[in-house]
Each structure stands twice: as structure tokens, then as C-alpha cells.
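Colleague: I am new to this structure. Please walk me through how to read it, one feature at a time.

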Amino acid sequence: MPVEAISCKTFETTVVHPLYPKRFPRSKTQPVATELMSHSAPTSLRATYLEDGYAQLNAFLDTSAVKELDGKLKDFINTKVPTLSSEQVFYENKIDHITLKQIQHLELHDNWFHSLFTDSPFRRLAEALLGGECVPMNMQYFNKSPGANKPTPPHQDGYYFMITPCEAVTMWLALDEVDDENGCIRYLPKSHREGLLPHSRTNTLGFSQGIENYFQKHDSNREIAIHASPGDLLAHHALTVHRADANTSATRQRRAIGFIYYSAQAKQDVVAHQAYQTELKQELTDSDKI
Ligand SMILES: O=C(O)CCC(=O)C(=O)O
């Protein structure tokens, strides 16, 4: 069921639409986040986000903006993806490109995506939610293609980020209608207050770590399944537990763009992070997954 977030609705109408009428206008004159922070609605949005560990902003992008983004994404997949290295593009089955499931760092390979990530209302929203300056870290594409996909294991993004303090926000922009059938995101509300939980290796490409014994230790009845339409945006704290089921539909895609922003205060353990990435790449290569 979609989350009823009154503050998000206020936010939508009073802040996002005037700032974001069409074609991702860029603000060169206003300092980052000033427009958002100068309105009262983002304060209540941040309060909701801090209280529950996530927020949903319906119609963050309007239909024409989603269409434009969709077109840019298709171009990216056709022209840029074939040039990317194997650890940046994941397929459920690497010899069947219809099963494309994840692309890392869209922003590093395309100026249009770079601007959308680093100089846009997405970034201003991140700063409003984090309550200060942020560092854009990774813009990703996710899909669960029908017939060939796996559940997303329960996890906390902070486990992957290796940052202290664990202050970061992930945004997830729906590009398709998303519901129980095609694997909507499921949040465990308020779980960001429980700190980092033990994770262990999974067999899921792109989500190599999952919370240990999640279904034994946590009450999955408390989960909120977030249904979304194209242009709806979810935002979650780096410690919020979330997961998604597999796409059980025979025909429907489940595409989304992820935006990860770290708080400027957060420091990554770069050595440990790099070591893990190197080891993971080797393992995925050896098992012929990438
Ligand atoms: O798309 C998914 O299934 C999971 C996305 C996710 O875990 C995230 O963006 O943090």
C-alpha cells in the first residue's frame, strides 16, 4: 500500500512543481538546497524521513520529464552500456542482454545524467533530507526483467557504503508501475534506529550482502510495501532495512533509477571498501557471473 505522507503531498505542490516544471531546470544562482530549505514543507518531509527512515514523494517528476528520462536511458543502454566494464553492468544471464538488471555510475559516462545527479532538484532534496551539504556518489539503474530476476535481499545500504557517521540518503525513482507482482520496494519502518545489523554474503548479483536470518529475527508483517507509478520518488536513510521480491509478472518490467548521496560529514573507509570491491569482482569473474 502506498504510504500516506501528508508532508510529501505538501512538498510536491508547494516546492517541487514550481522548481521543477519541466526539463530538469538547473539553478545556477541559488546555493544548493536553498530553495528547498527556504520552504517549510521540506522541514516536515525531513521530520517524516527521520521518524520513519523513508519518505515517498509522489509525482516528483511529471509525465513529460519521465518520458525524457526514459528516452535518455534507452540511448544510454544502446550506446554506452556496450562500452562499460563488466563490474559496471550486471545481467541476470550475461549472455542474454534482455536480462540487464543493474548499471553503476550512469553519471560518469553521460553529461545529461551527470547534471541530473549533481545539479538538480534530486540533489537539493538530498541536502534537505540530510540537513546539509552532500556528496553525490552513485547513480544507478535497476531492473527486474520478467521471467529472469531474483529478489533483492533485505539489507541496509550503509553496510555497503562503509561510512562514518552512517549518514547518506538513497533515492529510488520509479520508471514503471510498481506493485507486489513486479517486486516493489519493502521498507521496515523505523529500522534505521537500530544501527547497522549483521550481514552476510548472498548469491544475488548486485546485492552481495543481506541481513542474516532476517525473516527469523524481524517481523516482516511490519514491512510497508511501496507501490509506485512512473515519476514517484522514494527516499531512504542508509540504515533503513529494505528489500524487494522477485518480479513474478510474465510481461512487466520493474525499472528504476537510484541516486545515492552521502552527507558531507560521512567519511568512507576507502581501503576496506576498495578491498571488498576487488575481492567481489574476482569472485564474480571466477564464477562467470560478470
Ligand atoms: O531496486 C531494488 O530492488 C533495490 C534497490 C535498493 O536496494 C536501493 O536502491 O537501495
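Colleague: Let us start with one residue pair. Which residue of β13 is the bridge partner of I185?

Modeller: A244 is the bridge partner of I185 in β13. Strands here are DSSP runs of E with at least two residues, helices are runs of H or I with at least four, and both are numbered from the N terminus. Two strands pair if DSSP finds at least two bridges between them. Strand β8 (residues 185-187) and strand β13 (residues 242-244) pass with three bridges, in the antiparallel sense.

Colleague: What should I know about the model itself?

Modeller: It is predicted, so local features need pLDDT of at least 70 and side-chain atom pairs count only at pLDDT 80 or more, while totals for chains, interfaces and linings use all residues. Residue numbers start from 1 along each chain, as its sequence is written.

Colleague: How many helices and strands does the protein chain have?

Modeller: Nine helices and 15 strands. The chain has 290 residues, and 39% of them count as buried. Buried means 20 or more other C-beta atoms within 10 Å of the residue's own; exposed means 12 or fewer; partly exposed lies in between, with C-beta atoms placed from the backbone.

Colleague: Back to β13. In what order do the strands of its four-stranded sheet run?

Modeller: The order is β5-β13-β8-β11, with antiparallel pairing in an open sheet. β5 (152-155) and β11 (224-226) are the edges: each has a single partner strand, so one side of each lacks a neighbour in the sheet. On average, neighbouring strands are turned by 25° against each other, direction ignored. That angle is taken between axes, lines fitted to C-alpha atoms (for helices, over the stretch in contact), on a scale from 0 to 180 degrees between N-to-C directions.

Colleague: And what is the order in the open sheet of seven strands?

Modeller: Read it as β1-β12-β7-β14-β4-β3-β2, again antiparallel. Here β1 (54-57) and β2 are the edge strands; each has a single partner, so one side of each is left without a neighbour in the sheet.

Colleague: Why is β12 called largely enclosed?

Modeller: Five of its five residues are buried, so the rest of the structure largely encloses β12. In a regular strand the side chains alternate between the two faces of the sheet. In β12, L233, A235 and H237 are buried on one side, and L234 and H236 on the other.

Colleague: Now a helix. Which residues of α5 are buried?

Modeller: F113, L116 and F117, in a helix that covers residues 111-118. They span an arc of only 95°, which puts them on the same side of α5. The arc is that of the directions from the helix axis to the C-beta atoms. These buried residues pack against α6 (121-130), β4 and β14. α6 is mostly covered, with 10 of its 10 residues buried. G131 follows α6 and has a positive phi, near 75°.

Colleague: Last feature. Which residues are around the ligand?

Modeller: They are F142, T152, D157, T170, W172, H242, A244, A256 and G258. Being near means a C-beta atom, placed from the backbone, within 6 Å of the molecule or strand. β7 (168-174), β13 and β14 (256-263) each supply at least two residues of this shell.

Conventions
Two residues are in contact if their C-beta atoms, placed from the backbone, lie within 7 Å.
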